[in-house]
Amino acid sequence: MQRVGDSPAVRRLLVAAAVLLAALFLLLPLVAIFAQAFSQGVGVFWANVSDNYTLAAIGLTLFIAAMTIPVCLVFGVALAWLVTRFQFPGRRLLQTLIDIPFAVSPVVAGLVYLLLYGRNGWVGGWLDAQDIQLMFAWPGILMVTVFVTSPFVARELIPLMQAQGSREEEAAVTLGAPGWTIFRRVTLPNIRWALLYGVILTNARAVGEFGAVSVVSGAIRGETMTLPLHLEQLYQDYNAVGAFSSAALLALIALFTLAAKAGLEWRIARQEVSP
Amino acid sequence: MSIRLTDIAKHYGRAGRALEPVSLEIAEGELVGLLGPSGSGKTTLLRIIAGLEAPDRAPAGRILFGDRDVTDVHVRDRRIGFVFQHYALFRHMTVFDNVAFGLTVLPRRERPSSGEIRARVHRLLEMVQLEHFASRYPAQLSGGQQQRVSLARALALRPDVLLLDEPFGALDAKVRQELRRWLRQLHDELGFTSLFVTHDQEEALEVSDRVAVMSHGRIEQIDTPDALYRTPANRFVFEFLGDVNHLEGEVRNGVLTCGEAHLAVALPDGPEELLLRPHEVRLAQAPTPEARLPVTVTAISPVGAEVRVEIAADWLVEPWLATLRHADYERLELRRGQRLFVIPRRWHRFSADATQQRQPAAA
Amino acid sequence: MSALAFALPRRRRVLPGFGLSLGISLTFVSLVLLLPMTGLVGQLKGLSLAEYWAIVSDGRVVASYTVTIGAAAVAALANAAFGLLLAWVLVRYDFPGKRLLDALMDLPFALPTAVAGITLATLYAGNGWIGRLLEPLGLEVAYTWVGIALAMAFTSIPFVVRTVQPVLEDLPPEVDEAAMTLGASDATAFRRVILPYLWPALVTGTGLAFVRSLGEFGAIIFIAGNAPFETEITALMIFVKLQEYDYAGASAIASVVLAVSLALLLAINVWHGHFIKRLHGGRG
């Protein structure tokens with residue numbers, strides 16, 4: 001079969017151009033992260049990573065991600081179930097609303113939370129009177145992280161559940177299965193890979209969020225510094241190797257995300273062919 | 001312009017041969033149908049002639065359009081018109097722009113002026129009876145209309161050869177009938193050489209000057225529709241060109257026996273299989289001395305020019321189909337469950353190597 | 001919306017869980033997505049129109065709009081070309097390392113923006129791997145608007161690739177073949193037939209890349225240099241105001257950014273819907 005652009009000369013030229021550009025633009029930065037992190041040897045890298053402040057930042061980052069994922073998971077599944085299994089007025093609007101975090105600049109997202117829950121905001125003022133502080137503390141970081149990561153699970157599930165339709169669940173209803181059983185035994189096996197991929201994306205973004213978190217964190221070393229904030233601090237202090245050591249940890253999570261994506265996409269594709 | 005193929009073969013990787021070495025000659029102005037079941041290689045052959053697929057290098061087959069050897073000519077320089085099964089109209093262009101496309105991409109030296117292009121496109125649209133649809137988009141047309149646009153587009157460059165890949169395959173029965181008559185008319189008016197692929201025997205036999213029947217990457221027979229139907233070269237062609245009833249049995253002393261059924265045949269002793277077309281099956285109230293084939297009517301469909309009657313019997317592996325004239329149907333007062341006798345008008349027989357045929361007239 | 005949903009006559013739904021999923025979704029959307037926006041409104045109410053105008057039309061802020069929009073436009077256009085090339089190569093050709101290249105396309109989404117920021121800044125600084133090669137040529141990337149555009153392009157390239165790729169995959173071979181049988185050369189067939197098919201996806205992807213670039217922060221601030229009037233982006237202006245505890249100023253600028261992003265997103269959706277309708281048959 002012949003298609004447009006199939007002549008060997010054109011093919012070689014375009015492939016070469018694409019590979020070269022991608023290598024320079026995407027691969028080289030990835031290599032540079034690890035090269036910088038290990039530029040003074042594994043010992044220095046290890047010392048940087050096991051530094052107390054770094055460990056605290058890792059701990060906070062993992063804690064935030066671990067708290068964010070279940071919240072986004074419950075919301076994502078509920079929303080996907082709602083918009084793909086029922087018809088109701090406002091369904092389209094709801095689908096548009098969940099995309100808000102994609103369009104809003106992370107700094108603006110941090111700002112609106114700060115305005116509402118900070119000491120001067122109408123909710124924050126009341127909380128302050130009760131001696132509860134959300135902003136410039138981990139709850140604030142968690143809240144903005146949930147905001148920026150909220151669309152990922154739903155975004156993965158909705159197209160898949162729409163394509164699969166609700167026939168299988170309806171069959172389960174006719175067989176007398178109760179609600180949770182339907183979800184657990186019929187729906188979940190069909191969506192598990194997409195769900196897992198949504199969780200991995202949520203995790204990647206939760207771990208790496210910078211703009212929104214930097215607005216609400218207050219940047220207290222050892223207390224409210226996530227890993228991205230910590231590496232910024234090190235970089236501003238001219239400790240490049242230290243910054244890149246933290247960056248390398250985050251890049252590892254990114255690489256894991258890419259590998260998981262490749263693997264899961266293959267599984268999802270296979271599942272769609274033979275449901 | 002005539003088309004001549006010699007030793008054109010094609011195989012795909014290890015998946016096997018899609019096309020055994022094929023040779024074929026089509027005279028100028030002829031309309032030839034390529035007929036075969038799916039996977040018979042008919043579309044592959046058409047696409048090779050178009051230049052959309054390359055034939056195998058060994059054997060080194062040739063494709064000639066007239067005296068021009070086009071084997072190594074790129075599809076865009078072969079000067080063919082190609083009509084796709086699913087129309088393949090450019091959906092972002094209006095009907096007018098679709099038809100004009102081939103003219104507007106000509107090199108500047110050969111390109112007609114925009115005024116002439118407009119005139120030519122309008123003539124083409126008139127010819128396909130779509131002159132009022134010039135500014136519509138393809139999505140706004142019915143399937144039959146889209147296929148006519150696709151034909152006009154293919155004809156805009158006045159190709160010497162028109163190739164059509166299942167052109168009516170995606171349309172419903174009534175539109176197909178109209179369109180194929182209309183294609184035949186158009187062919188006769190404009191006199192190009194056409195080759196079209198179909199899996200529908202009725203379509204092939206009705207439209208074509210000659211039909212090439214293909215199976216398993218081979219041309220089994222190429223002949224006029226009439227000759228094809230009357231003197232099929234082998235059992236495949238016979239079975240592919242229409243409904244067939246099978247009668248299997250043992251011949252002894254000039255009588256074929258199959259359970260309680262007997263039929264006098266002038267054949268040597270041994271196992272035998274006879275084939276009958278539905279119109280060669282006559283139904284009668286009583287057997288004859290030569291034929292005693294008792295059957296029961298299981299279904300009757302009196303729709304159309306003739307009555308289709310399904311008959312079954314213990315001695316038959318598969319039910320038979322008989323077609324009757326309405327007059328006979330009324331005379332016999334047929335009803336379901338009725339017991340009757342089959343009198344073969346004639347039968348066909350292909351010897352074991354499936355190439356020879358004898359065709360004695362019987363009873 | 002919720003009022004409408006509940007006002008419906010109670011029709012029996014076949015599948016269970018409508019109430020529960022609606023409850024969770026509405027609670028979440030209201031509390032997490034919508035309620036915080038009221039904070040912005042509340043803050044802006046404290047400003048008079050003149051004060052608001054003074055903040056958003058301040059010289060340094062206006063300069064940041066120019067830098068942000070200019071760099072985002074350059075980044076989006078560069079990505080349109082680069083993304084189209086990558087999508088084409090990934091869909092149309094087979095070559096060793098193709099799956100790796102495909103996986104690499106998502107790197108900018110998976111890599112934290114701050115990591116991308118310090119890496120690009122280090123690579124393109126005068127003594128960095130690439131900066132060292134560019135400096136003798138008189139090309140400065142780090143701490144100029146070129147660096148800003150570069151960081152924007154890096155973080156938004158997947159938008160174009162991942163929007164165009166599926167459309168290109170779905171393009172039936174007959175479209176290519178029809179163009180070729182009609183005598184079109186590769187270049188003509190691409191320009192007149194294939195590109196128009198990809199156009200809606202390409203414009204959408206480029207538009208999304210542009211919107212993302214307008215709001216990007218983490219990847220840019222390290223490479224930008226952040227010189228007032230020269231290389232300050234608008235997101236940074238908000239951040240600076242916050243650090244000065246000027247919440248009103250930050251809110252005013254944020255409201256501009258937010259309005260522009262949402263308006264663009266809406267425009268992209270409407271345009272895309274309109275285009276698709278014409279191609280898939282709306283009569284008229």
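## Chains B and C of a predicted model

Chain B contains nine helices and 22 strands, where helices (H or I, at least four residues) and strands (E, at least two) are DSSP runs numbered from the N terminus. This is a predicted model, in which local features need pLDDT of at least 70 and side-chain atom pairs count only at pLDDT 80 or more, while totals for chains, interfaces and linings use all residues. Residues are numbered from 1 along each chain as its sequence is written, chains are lettered from A, and ligands are numbered from 1 in the order in which they are written.

### Overall comparison

| Property | Chain B | Chain C |
|---|---|---|
| Helices and strands | nine helices, 22 strands | 14 helices, zero strands |
| C-alpha box along the principal axes | roughly 80 × 50 × 35 Å | about 75 × 65 × 35 Å |
| Buried residues | 39% of 363 residues | 47% of 284 residues |
| Contacts between residues at least 6 apart in sequence that join residues at least 24 apart | 65% | 78% |

The domain assignment, whose bounds come from an automatic or database source, divides chain B into domain 1 (3–232) and domain 2 (245–358). The C-alpha centres of these two domains of chain B are 41 Å apart.

Helix H4 of chain B covers residues 143–155, and its 13 residues reach 18 Å from the first C-alpha to the last, close to the 18 Å expected at 1.5 Å a residue; the expected span is 1.5 Å times one less than the number of residues. H4(B) is mostly covered, with 10 of its 13 residues buried. Among them are Gln146(B), Arg148(B), Leu151(B), Arg153(B) and Leu155(B). The buried residues of H4(B) pack against strand S6 (80–83), helix H2 (95–104), helix H3 (114–127), strand S7 (161–165) and helix H5 (173–190) of chain B.

### Chain C: helices and annotated spans

Read along the sequence, chain C follows the pattern α-α-α-α-α-α-α-α-α-α-α-α-α-α. An unreviewed UniProt entry places the feature "transmembrane region" at residues 20–42, 62–91, 103–130, 142–161, 197–227 and 247–271 of chain C; UniProt positions are given in the numbering used here, feature names are shortened, and annotations may be inferred rather than shown by experiment. Residues 20–42 of chain C are 100% helix and 0% strand, with end C-alpha atoms 32 Å apart, and residues 62–91 of chain C are likewise 100% helix and 0% strand, with end C-alpha atoms 42 Å apart.

Pro173(C) is found in helix H10 (residues 173–181) of chain C. Because 14 C-beta neighbours lie inside 10 Å, Pro173(C) counts as partly exposed. The C-alpha atoms of Pro173(C) and Glu140(C) are separated by 45 Å, although these residues are 33 residues apart along the chain.

### The contact between chains C and A

The contact takes 80 residues from chain C and 81 residues from chain A. On the side of chain C that touches chain A, helix H2 (residues 18–45) of chain C gives the most, with 17 residues. By class, that side of chain C has 60 nonpolar, 14 polar and six charged residues, where Ala, Val, Leu, Ile, Met, Phe, Trp, Tyr, Cys and Pro count as nonpolar, Asp, Glu, Lys and Arg as charged, and the others, Gly among them, as polar.

Methods:
A residue is buried if 20 or more other C-beta atoms lie within 10 Å of its own, exposed if 12 or fewer, and partly exposed in between; C-beta atoms are placed from the backbone. Two residues are in contact if their C-beta atoms, placed from the backbone, lie within 7 Å.
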